[in-house]
Amino acid sequence: MQPLVGIIMGSQSDWETMRHAAQTLEELHVPFETRIVSAHRTPDLLFEYAAGAEERGIEVIIAGAGGAAHLPGMTAAKTVLPVLGVPVESHALHGLDSLLSIVQMPAGVPVGTLAIGRAGAVNAALLAAAILGNRYPHIRDALRQFREQQTRRVLQYPDPREQHQ
């Protein structure tokens with residue numbers, strides 16, 4: 001199937017966080033692609049990827065980055081597609097540096113910024129599915145089922161001492 005979501009990250013080490021976005025999209029049956037595209041080490045590749053994404057059928061980009069975290073913002077500067085930024089937890093400042101780098105975009109170049117780490121990656125995938133759900137009813141249905149399953153799991157085990165998966 002034609003990928004609708006592009007998941008990009010600045011380095012191989014970011015995959016530990018970004019794999020959660022990929023797993024969530026798989027669970028929702030949303031086609032996606034993954035790429036390592038560094039804003040600093042491969043800027044020409046980043047510009048080529050972002051500028052050509054729409055033409056290739058990508059409708060939402062999820063960009064994960066740590067440290068200076070320029071990848072989401074530079075991606076947004078090169079495309080009109082929605083860009084969702086995931087701050088990857090860094091060693092020095094535990095992802096706060098990444099969060100602030102992504103969330104502080106100047107007016108006119110928006111990046112939807114999610115939480116630091118795994119929660120942000122999962123929520124970026126869910127937000128991408130919600131955006132796509134406006135156009136693809138089967139994705140909206142999958143997202144609705146995901147949310148209902150989440151609710152059932154909580155209601156099924158109201159006592160935290162009970163074992164469950």
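**View 1. The crossing of helices α5 and α6 is left-handed.** Left-handed here says that the near helix is turned anticlockwise from the far one by less than a right angle; helices are DSSP runs (H or I, at least four residues), strands likewise (E, at least two), both numbered from the N terminus. The model is predicted, so local features need pLDDT of at least 70 and side-chain atom pairs count only at pLDDT 80 or more, while totals for chains, interfaces and linings use all residues. Residues are numbered from 1 along each chain as its sequence is written, and side-chain values use heavy atoms, with hydrogens and water left out.

**View 2. Residues of α5 meet residues of α6.** Leu126, Ala129, Ala130, Leu132 and Gly133 in α5 are in contact with Pro137, Ile139, Arg140, Leu143 and Phe146 in α6, where contact means heavy atoms within 4.5 Å. These residues divide into 8 nonpolar, 1 polar and 1 charged (Ala, Val, Leu, Ile, Met, Phe, Trp, Tyr, Cys and Pro count as nonpolar, Asp, Glu, Lys and Arg as charged, and the others, Gly among them, as polar).

**View 3. The largest nonpolar core has 28 residues.** Such a core is a set of buried Ala, Val, Leu, Ile, Met, Phe, Trp, Tyr and Cys residues joined through side-chain atoms within 4.5 Å, buried being under 20% relative accessible area with a 1.4 Å probe, protein chains only. Val5, Ile7, Ile62 and Leu132 touch the most other members, and the largest share of this core, 8 residues, comes from α5.

**View 4. Leu132 has contacts beyond its sequence neighbours.** Leaving aside neighbours within four places in sequence, Leu132 is in contact with Leu4, Val5, Val30, Glu59, Val60 and Ile139.

Notes
Buried means under 20% relative accessible area, exposed over 50%, partly exposed in between (1.4 Å probe, protein chains only).
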